[in-house]
Amino acid sequence: MKTLSLTIMAIIMTTALTIAETVNFDDMKAGAAPAGWTATQTGSGSAKWAIEKDESAPSKPNVLKQSGQATFPVCIKDDTSLKDGFVEVKFKPVSGKEDQAGGVIWRVQDANNYYISRANALEDNVTIYHTINGKRVAFKNINTKVTSGVWHTLRVDFEGNKFTVTFDGNKVIEATDASFANAGKVGVWTKADSVTLFDDFAYGSK
């Protein structure tokens, strides 16, 4: 019985480990948008998503860089579908006069409908929103230091209508919202003229 229990536990642990996936962009072609992702934006403008080499990358050599300008640049991982789980990314806000932001999106239905949590180095805050038909509405916000030119880690755990946002290892937001109940894709996000680097994009189901 003990052996059977241990076997079952091992299977459960192995299964849990295989559900999560990390994308570090290192095997992708530099100078182009990442293969298997939809590089686009919400609203007007022209986002510019490209793989680039960066010496500061948490996992060298490549990062995903957004250097265009649009209402909300978004880059969506095509082969994902998560209802309950987590999404996490390391990001570095580099520059931007209007905004210096980096975020994650989940339960993405399309480029105009999704949840998003982002950290902003010009405002020194972390916020969670829903974006419905292209209109972004915040439902919780917290002031916390977000340093420009430094790599940060942003993570959201989501289950049902409950969301937990973790920034640099600290739980900063717990919130509820029922806008999107169905499974959707995951990805990354910036705003306006933010030049932002992303690395070690991770996600997994529960």
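Q: How far apart do the centres of the positive and negative side chains lie in the protein chain?
A: This is a predicted model. The protein chain carries 23 positive side chains and 23 negative ones. The centres of these two sets are separated by 2 Å.

Q: What radius of gyration does the protein chain have, and why does it agree with a compact globule?
A: The C-alpha trace spans about 65 × 35 × 30 Å along its principal axes. The chain has 206 residues, so a compact globule would have a radius of gyration near 17 Å. The protein chain agrees with that, at 17 Å.

Q: How many strands does the protein chain have?
A: Take the contacts between residues at least 6 apart in sequence: 66% of them join residues at least 24 apart. As for secondary structure, there is 1 helix. The strand count is 15.

Q: What share of the accessible surface belongs to carbon and sulfur atoms?
A: Of the 206 residues, 48% count as buried, meaning under 20% relative accessible area. The accessible surface of the chain comes to about 9600 Å². The carbon and sulfur share is 51%.

Q: Which residues have the most contacts inside the largest nonpolar core?
A: That core holds 37 residues. Leaving aside residues up to four places away in sequence, W106 touches V87, Y114, Y115, I116, S117, I128, V156, F158, F163, K185 and V186. A second, separate core of 11 residues includes V74, I76, A101 and Y114. In the largest core, the residues with the most contacts are W106 and F201.

Note on methods
Residues are numbered from 1 along each chain as its sequence is written. This is a predicted model: local features need pLDDT of at least 70, side-chain atom pairs count only at pLDDT 80 or more; totals for chains, interfaces and linings use all residues. Side-chain values use heavy atoms; hydrogens and water are left out. A nonpolar core is a set of buried Ala, Val, Leu, Ile, Met, Phe, Trp, Tyr and Cys residues joined through side-chain atoms within 4.5 Å. Buried means under 20% relative accessible area, exposed over 50%, partly exposed in between (1.4 Å probe, protein chains only). Contact means heavy atoms within 4.5 Å. Helices (H or I, at least four residues) and strands (E, at least two) are DSSP runs, numbered from the N terminus. The radius of gyration is taken over C-alpha atoms; the globule rule is 2.2 Å times the number of residues to the power 0.38. Accessible areas come from the Shrake-Rupley method with a 1.4 Å probe; for residues, only the protein chains shown count as cover. Lys and Arg count as positive and Asp and Glu as negative; His and the chain ends are not counted. The place of a charge is taken as NZ of Lys, CZ of Arg, CG of Asp or CD of Glu.
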